[in-house]
Amino acid sequence: MEHHVEELLNEMTLDEKLGQLTQSRGGRSKDLNSLVDDEQKALVRQGRIGSYLHVAGAEFLTELQRLAVKESRLGIPLLFGLDVVHGYRTIFPVPLAAACSWDPDAVEQAARLAAEEATAAGVNWTFAPMVDVARDPRWGRIVEGAGEDPYLGAVMAAAQVRGYQGERLSDPNSLLACPKHFVAYGAGVGGRDYDSADVSPRTLAEVYLPPFRAAVQAGAGSLMTAFNDIAGIPMTAHQSLLQEVLRDRWGFSGLVVSDWNAIDELRAHGVAGDRAAAGALALRAGVDMDMVSGIYEQDLGRLVETGQLPTAVVDAAVRRVLRVKHWLGLFEDPFRYGNTAREQRVILSQSHVAFAREIAGKSIVLLKNDGDLLPLDKNIENLALIGPLADDRKAPLGSWKALGQPDDVVSLRAGILAAVGPNTEVQAAAGCDLDGDSTAGFAEAERLAKAADAVVLVLGEDDDMSGEARSRSRLELPGVQRQLAERVLALKKPTVVVLMGGRPLAIPWLAEQAPVLVETWLLGVQMGSAVADVLFGDVNPSGKLVTTFPVGVGQVPIFYGHRNTGRPASTDPSKDSARYIDAPIQPVFPFGHGLSYTTFNYADLEVTPPEVDAGDIVQVRCTVTNRGKRAGDEVVQLYARDPVASVAQPVQKLVGFHRLRLQPGEAATLTFNLPVEMLGYYDAEMSYRVEPGEFRVAIGASSADVRLDGSFRLREEVRDQGEPGSVFSRVDVTKNSAETPPLDSDAKLQP
Ligand code: GLC
């Protein structure tokens, strides 16, 4: 490969080299392929384009690839990129929802199926996974990631890279992954999209970089820089993070692509006076490919010719682009992607749609279930379905729709209708608009609720209220939805409130007044079926929150892994402490929270050995038992804390989790194998270390529902081992001889 790359490089003119570094608009995200006109085709023939984005379709892309390979001087194949972030045509739950499954295998499988579909359609590059840690729900793009925790984020990032890229990048169904947006895009001031992130080197290293580290370690072949600056240095020009950290320290050898037009935006940032200066800055910093600004192709040639920009800098970037094309097998067979027969067979296939329903069911979080009102009886006489989103078939498609169509979506109403018995009457009313102040629909909603045996009230945001450029300054339900809910809840009917949307909402009053509350996010094509599965008990909910639900926007940022401070928040108002005088200390729902239709008991904690040295593994063991009458999945969470260190440590840090299925009465013993180096931090000199002394561990059903806690001691210091790669705790499970589960009637008849 290297020989071929050098050979090509020696053959290439400067224009052809800069062409390889250029990604051009193939279409708009809502109108793919529409911009590949004759002028673009002429550029392809001249070797002036290296990649297109917002393109799809086996026939179209095979022809475009033929043009590049057969009608240009050097015949270098093109990369075709598309935002396949949570599905290609079979749309899966938005990433924030899928992360609530705490099921990396399921998340990997969803990426795998998306890659099957996208590669059949000729796409060979996805701009995913989005791995930005987000701790501010005002930020619209919180919907695209795995929430507030770096460890969970790292696990989900690696799972998606494995899913997209498969066994070998050169397989015809492997999609080049592109973890984005490097880095700290979720830390924008005020939760405003694109805004400046002012994070310390330590917070960068301990919170925002780990998911990228895990994605690179999982073999991601490309990476996308973020729009934001970090304390004044735009990521599109951040040489030290792109070169020293990403490439030199982490050994990343793939290609770095800018975000949309971000190279040109270096002028708006105020770090470049003109387009050429912006291009030189980005290329020198390590941005190999220019997404749609055109600066590399149009403005850098002059700088190279006048010696202001060394050819070596251009060549280094071209090598990385050519290598990625080799990794994808495009030089060997430029037409391995895109096959109309495969396209017909795999896209929206039954097995893909079935999996969409399965992972959606795992992503639903049961927040509250007073009186065990859920699951509902399928043969209920009269069910009122109220709310502006109940019939919506576009919202469930979420933030990145790729080829997703509303017609493919099972709405909440359709799902419920398909689930209930033949004699059940389902009456639906929107009650109000999603946003807006008309209360004209309230009376009808109240009438239906009064006449019903139970009410399902659907509230929240649609797909266009989160995602890119969708930051909100308020976190309440939009419009008059709260007033509608208060009118319906005042009727004191058995009411299940279903929340939809792409961010945690501030709903303290709803958490108070609604007997039952279910967070269903935006679950993709099988949304209605999956929600009905949970509401009527065919699926036992098992999701757990990956973001904290604040009481209001004023409480933001609020996240579980905070530092203790010198005056930890106290409920005693006479004490001066780190809290508001006009808001509770706790959020409405904490990180890791999620209920089930059964109950789980935790017991028998063991932490061995009690004393460890560098390089050891601590084993944290416990027994979890399903105490209820039905099977269920529990996500057992392991948190750690270093109570005394030279740098104050977070009060809790997720260091392990395991999703466990238990039959009624069944018990299992979990052993978390915790490598000591996971417990370190970056000290005052920013070198990674684990300090000797006591460490506390806690096992719980959420960050705020700790069931067992223990401790161990580290005898000697761990330091100067350099920054560890992404380290994960492995969990061993042994199912104990299940106590005789309660037999139901049929079972007695079996032999
Ligand atoms: C957008 C997004 C990025 C996406 C790219 C191409 O602006 O920031 O996530 O991959 O442009 O659509």
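Me: Asn 261 sits in the loop between β8 (255-257) and α11 (266-269). Why is Asn 261 called partly exposed?

Reply: This is a predicted model, in which local features need pLDDT of at least 70 and side-chain atom pairs count only at pLDDT 80 or more, while totals for chains, interfaces and linings use all residues. Residues are numbered from 1 along each chain as its sequence is written, and side-chain values use heavy atoms, with hydrogens and water left out. Now to your residue: the relative accessible area of Asn 261 is 22%. Buried means under 20%, exposed means over 50%, and partly exposed is what lies in between (1.4 Å probe, protein chains only). The 22% of Asn 261 falls in that middle range, so the label is partly exposed.

Me: What is said about the phi of Asn 261?

Reply: Asn 261 has a positive phi, about 65°, and is not a glycine. For background, most residues other than glycine have a negative phi, and most peptide bonds are trans. Met 686, also not a glycine, has a positive phi of about 60°. Met 686 lies in the loop between β22 and β23, and its 31% relative accessibility makes it partly exposed.

Me: Which peptide bonds are cis?

Reply: The bond joining Ala 128 and Pro 129 is cis, with omega about 5°. Pro 129 is in the loop between β4 (125-126) and α7 (150-165). Another cis bond runs from Val 556 to Pro 557, with omega near 0°, and Pro 557 belongs to the loop between α21 and β16.

Me: Thr 598 is in the loop between α21 (527-535) and β16 (600-608). What makes its approach to Asn 626 a polar contact?

Reply: The side chains of Thr 598 and Asn 626 come to 2.6 Å. A polar contact is a pair of N or O atoms within 3.5 Å; within protein, one must be able to donate a hydrogen and the other to accept it, and residues adjacent in sequence count only if both atoms are side-chain atoms. At 2.6 Å the pair is inside the limit, so it qualifies. The Thr 598 side chain also reaches the backbone nitrogen of Gly 628 at 3.1 Å. Thr 598 counts as buried because its relative accessibility is 7%.

Me: How do you know that β16 and β18 pair?

Reply: Two strands pair if DSSP finds at least two bridges between them. Seven bridges join β16 to β18, so the pair meets the rule, and the two run antiparallel. Asn 601 has Thr 625 in β18 as its bridge partner. On to β21 (residues 667-675): nine bridges join it to β18, again antiparallel, with Arg 621 opposite Thr 671. Seven of the 10 residues of β18 (617-626) are buried.

Me: Why are β22 and β26 called edge strands?

Reply: The open sheet has three strands in the order β22-β23-β26, with antiparallel pairing. The edge strands β22 (681-682) and β26 (718-719) each pair on one side only. Two bridges link β22 with β23 (residues 688-690), and Tyr 682 stands opposite Tyr 688.

How values were computed
Helix = DSSP H or I, 4+ residues; strand = E, 2+ residues; numbered from the N terminus.
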